[in-house]
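Take a walk through this structure, one element at a time. Keep the sequence beside the model as you read.

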Amino acid sequence: MALDGIRMPDGCYADGTWELKMHVTDLHRDVSLRVTGEIHVGGVMLKLAEKLDVKKDWSDHALWWEKKKTWLLKTHWTLDKYGIQADARLLFTPQHKLLRLQLPNMKHMKVKVNFSDRVFKAVSDICKTFNIRHPEEASLLRKPRDPKKKKKKLEEAEEEALELEGPLLTPGSGSIYSSPGLYSKTMTPTYDSRDGSPLSPTTAWFGDSPLSEGNPSILAVSQPISSPDILAKLYKPQSLLDKAKINQGWMDSSRSLMEQDVKENEVLLLRFKYHSFFDLNPKYDAIRVNQLYEQAKWAILLEEIECTEEEMMMFAALQYHINKLSIMSSDNHMNNSEKEVDEVDAALSDLEITLEGGKTSNTLGDITSIPELADYVKVFKPKKLTLKGYKQYWCTFKDITISCYKSKEEAHGTPSLQMNLRGCEVTPDVNISAQKFNIKLLIPVADGMNEIWLRCDAEKQYAHWMAACRLASKGKTMADSSYNLEVHNILSFLKMQHMNPDPQFIAEPAVTNDINSECLVSPRYLKKYKNKQVTGITRPGYIRDLISARILEAHQNVAQMSLIEAKMRFIQAWQSLPEFGITHFLAKFQGGKRDELIGITYNRLIRMDANTGDAIKTWRFANMKQWNVNWEIKMVTVEFADEPSLAFICAEVDCKVVHEFIGGYIFLSTRAKDQNESLDEEMFYKLTSGWV
């Protein structure tokens, strides 16, 4: 009798081999192979394919170790090197699996995604397929669960939504768009003058991807919300803590989907994770601009970000305008004149040159002198239990410092109050109808933040002082080329909000019938209008017509905009909101007794009150030396150049998520306009993973 058939008590055979159990997912078969620890992974897969004796392309298959949640992708490694023994159970399964992606426009697409790639690489491939440049700004998010809804009802709602799915897509299939995130300087795109969507290059970029069938720019087209019921079914965060809970769902970019327990056919959300949009150019980014607009639109409608009533009406008017032009562009897609294209091209070229700093306004004057502001401004320094109002000072703004004097005549003496704005928080507090133009400053000091309020008398004064404050907070003066552009953007933003606070008439129903106001305004403002006591009015639909009239009135300020300009304005207005770009996490700071919020933005960390959202202390990334994580106690420590170190423990979320946000924003800050090569993935992992 041959000794090699005798099985020993430890499971090994007398010849040193042992049985490796594997499950072939495609065939639903369990297979055992006699192996030794010295056989390499590639050899195991070859023996398995021979034993199965099935004519099939196995090239996309790999081995997955369930217990350790590890892909065995290094086929030259031996089983011993991986630490695989007889008790291991492996899956022989395809690396590319079906994923149901919900895009920022809330539509679903079925996509074949590589479940063995790191999420950062998988997202890059997805964005390449969708022709979205700069995929490093996006990531995948698990769908937030509404605690008020039962799981069964939630799943039913998801299934209804999934009926909207488009074609099955495989990232990279036939695409010749080889540098995701960047564009060649030799590109000469032709684009539609109405919706800004690329025409001829789009088909080339998509190649033979299924998206090129029919209308290749489908993702660049915005579709109106058909019913307020859609809004009612979607999850709306009720507090800052709810917003923090949403951010628990971000996928770890350094690990694969399979390692994070993502199942085949699972629904994940593709979202712009980092609110730092680099080189946003309508000539190349029709799809990216539209999806950004959609993410901004839903954030406002679902009240994920706060805005005033006037801002809400402005956003509603822009939505109405975009919906109207989108329908027109679909109906008259081919009716474009060369003159229109030339005019848009010229306007975009001018804008691009201006944004790149190629042109500076003549109003800057002599570049050797730094512009200054000097005017009477009301100043308020809030203190506890005080009712004292604003006090008027003669204020001068030089470099990044505001000096306040009791009168203009005393301006050459010692100031009553002086503020250095480097690193400060600048928050607008504006109400056009009430003629309130306030600037809230939170200035960092050794023991926290000094709060100062400035009140301007008019829009023009506010725009100049607000622009100067924003630049000063970044350490820049009014000599910077972006100052005049910032002033112009603020004035444009204010102009779009202008409307008569008490309209003399309500538009006739025939005029407002095409405005579905309940789909353009957030539920909070709808409720506010419904709660208003309107005496003597009993006509059905009066409240709807009142809101529609407000929207029509605000629409007069944006009615001349082209479709692409309206989308860009919507994005810019979204970026101008005080809460824009702050990602919240629940944390307990070292020395603190209760849970607080930490907010992360593109350039700073903010310690915030969990109930009010008020900033307590701000730390700039520019002042940061290093950040580390103690993985045992899950504590994040950040060290600064000239401030005490910051340490906090994350609550209800893995500290890796917070670590990745900090490193991700620092990675994005290294991007340059003249880059010609692909993204440095390894640098991203070094900054975000914490253990590479």
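Helices (H or I, at least four residues) and strands (E, at least two) are DSSP runs, numbered from the N terminus.

This is a predicted model: local features need pLDDT of at least 70, side-chain atom pairs count only at pLDDT 80 or more, and totals for chains, interfaces and linings use all residues. Residues are numbered from 1 along each chain as its sequence is written, and side-chain values use heavy atoms, with hydrogens and water left out.

Now look at the sheet. Strands of a sheet pair through backbone hydrogen bonds, either parallel or antiparallel. This sheet is open and has seven strands, in the order β20-β19-β18-β17-β23-β22-β21. Its pairing is antiparallel. Two strands count as paired if DSSP finds at least two bridges between them. At the edges are β20 (615–620) and β21 (624–630), each pairing on one side only. From one strand to the next, the twist averages 30°. Strands β17 (residues 583–589) and β18 (residues 596–600) pair over five bridges. Leu586 has Leu597 in β18 as its bridge partner.

Buried means under 20% relative accessible area, exposed over 50%, and partly exposed in between (1.4 Å probe, protein chains only). Rings of Phe, Tyr and Trp (its six-membered ring) pair if their centres lie within 6.5 Å; planes under 30 degrees apart are stacked, over 60 edge-to-face, and the rest tilted. The ring centres of Phe661 and Tyr665 are 6.5 Å apart and their planes are at 45°, so this pair is tilted. Ring pairs join Phe661 and Tyr665 with Trp250, Tyr274 and Phe585 in a cluster. By the rule above, the structure has 24 aromatic pairs.

Next, the cores. A nonpolar core is a set of buried Ala, Val, Leu, Ile, Met, Phe, Trp, Tyr and Cys residues joined through side-chain atoms within 4.5 Å. The largest has 75 residues, and those with the most contacts inside it are Phe130, Leu257, Ile551 and Trp574. Helix α9 (residues 309–331) supplies its largest share, 10 residues. Apart from it lies another core, of 38 residues, including Trp250, Leu646, Val657 and Phe667.

What about the cysteines? A disulfide is a pair of cysteine sulfur atoms within 2.5 Å, and the structure holds zero of them. The closest cysteine sulfur to that of Cys404 is in Cys395, 3.6 Å away, which is too far for a bond. Cys404 is buried, at 0% relative accessible area. Cys424 is in no disulfide either; its nearest cysteine sulfur, that of Cys469, is 6.6 Å away. Cys424 is buried too, at 1%.

Finally, two loops. Asp399 is found in the loop between β11 (391–398) and β12 (401–405). Asp399 has a positive phi of about 55°, although it is not a glycine. At 40% relative accessibility, Asp399 is partly exposed. Glu652 is found in the loop between β23 and α17. Its phi is also positive, near 65°.

Terms used. Axes are lines fitted to C-alpha atoms, for helices over the stretch in contact, and angles run from 0 to 180 degrees between N-to-C directions.
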